[in-house]
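Here is a friendly walk through a protein chain, meant to be read with the model open beside you.

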Amino acid sequence: MNIINARLRGKAGLFRIELNGDRIAAIQPQADVAAPGHADDLDAQQNLVIPPFIEPHIHLDATLTAGEPNWNMSGTLFEGIERWAERKELNTHADTKTRATKTIGMLVDHGIQHVRTHVDVTDPKLTALKAMVEVREEVRHLIDLQIVAFPQEGIESYANGRALMTEAVAMGADVVGGIPHFENTRDQGVSSVKFLMDLAERTGCLVDVHCDETDDPQSRFLEVLAEEARVRGMGARVTASHTTAMGSYDNAYCSKLFRLLKMSGINFVSCPTESIHLQGRFDTYPKRRGLTRVAEIDRAGMNVCFGQDSIVDPWYPLGNGNILRILEAGLHICHMLGYEDLQRSLDLITDNSARTLNLGERYGIEVGRPANLLVLSAPDDYEMVRSQGHALLSVRNGKVLMRRTPAHIERLG
Ligand code: FE2
């Protein structure tokens, strides 16, 4: 199969991309617009061809449960955790697999092929984790799935929290998680970070911590995580998710913090629709946006990407799998609609996310890499966002995985 008349990000002109089996075999510049030469040539029609979209932060074990048994009436993160604790009682192996698989289908429909899911391991039976380890195998033809052992109710504050984390990694979790701002005391938050970094270092797992997901400017576990990563030389393998308290830190503290963050080399994930919904809930007016400093992290040369976090769960009632919707919202909320930001906005849901997930040479439109790619509905990043475009074609391992027919509009007047 060949993709013809493709535009590539950062390169002028049109290209022909030759796929051989499950690999990209060649990328040739075209002198002019080409007509299909073979029956299996796919015409990109001078639109962008990019590697697949990535979902770097979602909770597939909690998805599609909003209102079961109770709705989150306050809209706060902490009520979300309470409502989820009720739903968790009802979780079964089959129910978790059914909901997660259905949601993965929604992600695939929007061109996502790499997913990092947090899975709640504060459950003596580890029901969700056992289910998700099976799902990871069953959906390999659709997505690459990373599983985070995520202690939703704490490592130190939850009975046998440390043992459950250790068991989850032994059962096959790829990534060690944490939630230090939810631990009962600051000391427990700090010790939880040290514990999870030890566990990751010992087992070779990646790290992705829900870190300072609060408007409390005194929540300062990010500095602990970054310092642990710096000292151990693990920064590239460590991600701080949310870090919304950074939106409430004063500038004096933040300028000092940024020095450490840069030295540490850690990655950041922001979930803009989730945070704008859950945070700012204790304010009247002026009301905080409750997001981390995405533009500032990016400007400082650090790695930051966007994720969905939830689809119809106790924390967020909407969502449909479309990461482009998250990108558009995030660019607005983070004051990133400037000309230069718009030229490279897709970085936030592609290349930056790949770096966060440590995908390395498993990702990218380059000869020898996997034949995983998307044909988009627009010729560049700016137009893709402006037109609220879509992935029209998703190719995985050299085969078409998803094809979307654009809406047809007939103007009659
Ligand atoms: Fe999350």
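## About the model

This is a predicted model, in which local features need pLDDT of at least 70 and side-chain atom pairs count only at pLDDT 80 or more, while totals for chains, interfaces and linings use all residues. Residues are numbered from 1 along each chain as its sequence is written, and side-chain values use heavy atoms, with hydrogens and water left out.

## Two helices side by side

Let's start with H5 (residues 186–203) and H6 (residues 222–232), two helices that pack at an angle of about 30° with their axes 10 Å apart. Because of that angle, H5 is roughly parallel to H6 (angles under 35 degrees count as roughly parallel). Helices here are DSSP runs of H or I with at least four residues, strands are runs of E with at least two, and both are numbered from the N terminus. Axes are lines fitted to C-alpha atoms, for helices over the stretch in contact, and angles run from 0 to 180 degrees between N-to-C directions.

Which residues of H5 and H6 make the contact? From H5 come Arg186, Val190, Val193, Lys194, Met197, Asp198 and Glu201, and from H6 come Glu223, Val224, Leu225, Glu228, Ala229 and Arg232. Contact means heavy atoms within 4.5 Å. The residues of this contact divide into 6 nonpolar, no polar and 7 charged. In this scheme Ala, Val, Leu, Ile, Met, Phe, Trp, Tyr, Cys and Pro are nonpolar, Asp, Glu, Lys and Arg are charged, and the others, Gly among them, are polar.

## Two buried glutamines

Gln308 sits in the loop between strand S13 (303–306) and helix H10 (323–333). Gln308 counts as buried because its relative accessibility is 1%; the cut-offs are under 20% relative accessible area for buried and over 50% for exposed, with partly exposed in between (1.4 Å probe, protein chains only). A polar atom of the Gln308 side chain lies 3.1 Å from the backbone oxygen of Gly321. Leaving out residues up to four places away in sequence, Gln308 touches several others, including Glu55, His57, Thr273 and Ile326.

Gln146 belongs to strand S8 (residues 144–150) and is buried too, at 11% relative accessibility. What does the side chain of Gln146 make a polar contact with? The partner is the side chain of Arg116, at 2.8 Å. A polar contact is a pair of N or O atoms within 3.5 Å; within protein, one must be able to donate a hydrogen and the other to accept it, and residues adjacent in sequence count only if both atoms are side-chain atoms.

## An arginine in H1

Arg83 is placed in helix H1 and counts as buried at 13% relative accessibility. Neighbours within four places in sequence aside, Arg83 is in contact with Asn70, Trp71, Asn72 and Pro314.

## Backbone details

Glu68 and Pro69 are joined by a cis peptide bond with omega about -5°, and Pro69 lies in the loop between strand S6 (53–58) and helix H1 (77–88). Another cis bond runs from Tyr285 to Pro286, with omega near 0°.

Gln45, although not a glycine, has a positive phi of about 55°, and Asp212, likewise not a glycine, has a positive phi of about 55°. Are these residues buried or exposed? Gln45 is exposed, with a relative accessible area of 57%, whereas Asp212 is buried at 1%.

Note on methods: Angles under 35 degrees count as roughly parallel, over 145 as roughly antiparallel, 65 to 115 as roughly perpendicular and the rest as oblique.
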